[in-house]
Amino acid sequence: MNGLKLNQPFLVDSQNLKILLIEDNRVEAELIQELFSAVNTNQFAITHAQRLSQGIKKLIEFTFDIILLDLSLPDSQGLNTVIQVKAKAPTTPIVVLTSLNDQKLAIQVVREGAQDYLIKGQFAGENLIRAIRYAIERERDREAIRQQAKRERILERMVEQIRRSLDLEEILHTTVTQVRQFLKTDRVLIYRYQADKFPTMLLEAADYSNSYPEIPAIHELLNLPQILFYNEQFIQVINNQKPSNLKPKLIHWHKQSVLAIPICNSESDLKKPQSPVFHRLWGIIIAHHCTPNRQWQTWEIDCLNQLVKQVSIAIQQSELYQKVKRDNQHLQKLVKIDSLTGIANRRRFDQVLAEELSCSRRNLTPLSLILCDIDFFKAYNDTYGHWVGDNCLKEVAEAICQAAQRPSDLVARYGGEEFVVILSNTDNPGAFIVAQKIRYQMDKLKRPHAKSPIHPWVTLSLGIATTTPSRQLSSSELVQLADRALYKAKALGRDRIFSANSDPDFQV
């Protein structure tokens, strides 16, 4: 995570600097104070401690801009003095003032965190002031770098959490939760933008523990139309704005601060403000602070902006994954569906029959097949044409489906003008009833068939076969038995039902 902006002031003038002087020698302490007085006594507030323990106590009680530290104290000597002070005030700059002209020691104290090493009696007031200014600036630079590195590590962890999932809802939920914790704000919301529609809120992470009398309206503060269509900078920052819809007695409760950053389709879009926003805008993430005195800092805006770019990538990956998943499901469906009639195909039939036979053996339940064939279909095609023949196949498939409507029933196109029905947990009489329903649906259909020698409309011949707990058949045996029953129905004159199980002469 690179590119975060440092957000620290550059110290040009010393204005009301709070200085902690830890010096046991009263004369030396007075000399140092006189050096400051000679420059400008109003610029410095000096607190003096004669022992290290006293100085540490002051550091615990108060905040100081800089520490002037002697290394020879009654209760501490040398390098250990710097180590102890740094441990108590790790971000406060230290300038060592000592009578020890020891270059090796000077290098050691700087390595331990001191900003400078000055020898008593060898510097003027201007030198001391300059050393203090530089020490504060260097420490602030160092602290800014530390904070930047810390924020980058936090951002990396947040991005890792967000990018861990390909589920869009989980990505957005993780985002609002992590952002609210990171910014320590009251609410974080994500709005989804769709063309020609007002943005709709998808998710919110909020802390209402303060029991606000009224939850402020976000849209009163946020200029959504400007973000959506006109604002080339996109990011909208509002600090301590009073909402107009609150009652006068509640105004003091709600000085709101809002930070809104668009979620765009890609990072490159942010570099093209001249192109229409609505072509690339996915949504908006909003940090909403409901309590007073919140000023959005530059680093907060920069961090959230970087995070949103990563969220945008995660959203795009999620949407691509979902598209691929839908396409795969569609392909899987196409593999199992007959493209003409929309019912199961032969491949799906073979798969389900094997599964249902296994279940039948395990549960000791019957399983039946009904094999259906359109009578004189070649003559139908020759008379009306293949396009009309295709429509006939669709209507016959629909008629069979109307008769076999249980969720466990499967109607499939077996091949050409043949259809098959799998009836789980159905004995031979039950299958015969379903076959009669199929004939009834065909009678209702009455699709004209001028070349049929038996009826002026399309009819079916149906063969039934059932496997029972006492006579378990394999898939091929059951299909073979149903096929023989179908041909028996045709041999008997077509437009009828024949059950293999009802004839003792039928053997596999």
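Me: What is the bridge partner of Cys264 in strand 12?
Reply: Leu281. This is a predicted model, where local features need pLDDT of at least 70, side-chain atom pairs count only at pLDDT 80 or more, and totals for chains, interfaces and linings use all residues. Residues are numbered from 1 along each chain as its sequence is written, and side-chain values use heavy atoms, without hydrogens and water.

Me: How many bridges join strand 11 to strand 12?
Reply: Eight, and strand 11 (residues 256-264) runs antiparallel to strand 12. Strands are DSSP runs of E, at least two residues, numbered from the N terminus. Two of them pair if DSSP finds at least two bridges between them.

Me: And strand 8 with strand 12, parallel or antiparallel?
Reply: Antiparallel, over six bridges. Arg187 has His288 of strand 12 as its bridge partner.

Me: Is strand 12 buried or exposed?
Reply: Nine of the nine residues in strand 12 (residues 281-289) are buried, so the strand is largely enclosed by the rest of the structure. Buried means under 20% relative accessible area (1.4 Å probe, protein chains only).

Me: New topic. What order do the strands of the open sheet have?
Reply: The five strands go 2-1-3-6-7, with parallel pairing. Strand 2 (44-49) and strand 7 (116-119) are the edges, each pairing on one side only.

Me: How many bridges for strands 3 and 6?
Reply: Three, between residues 66-69 and 94-98 in the parallel sense. Leu68 has Val95 of strand 6 as its bridge partner.

Conventions. Helices (H or I, at least four residues) and strands (E, at least two) are DSSP runs, numbered from the N terminus. Buried means under 20% relative accessible area, exposed over 50%, partly exposed in between (1.4 Å probe, protein chains only).
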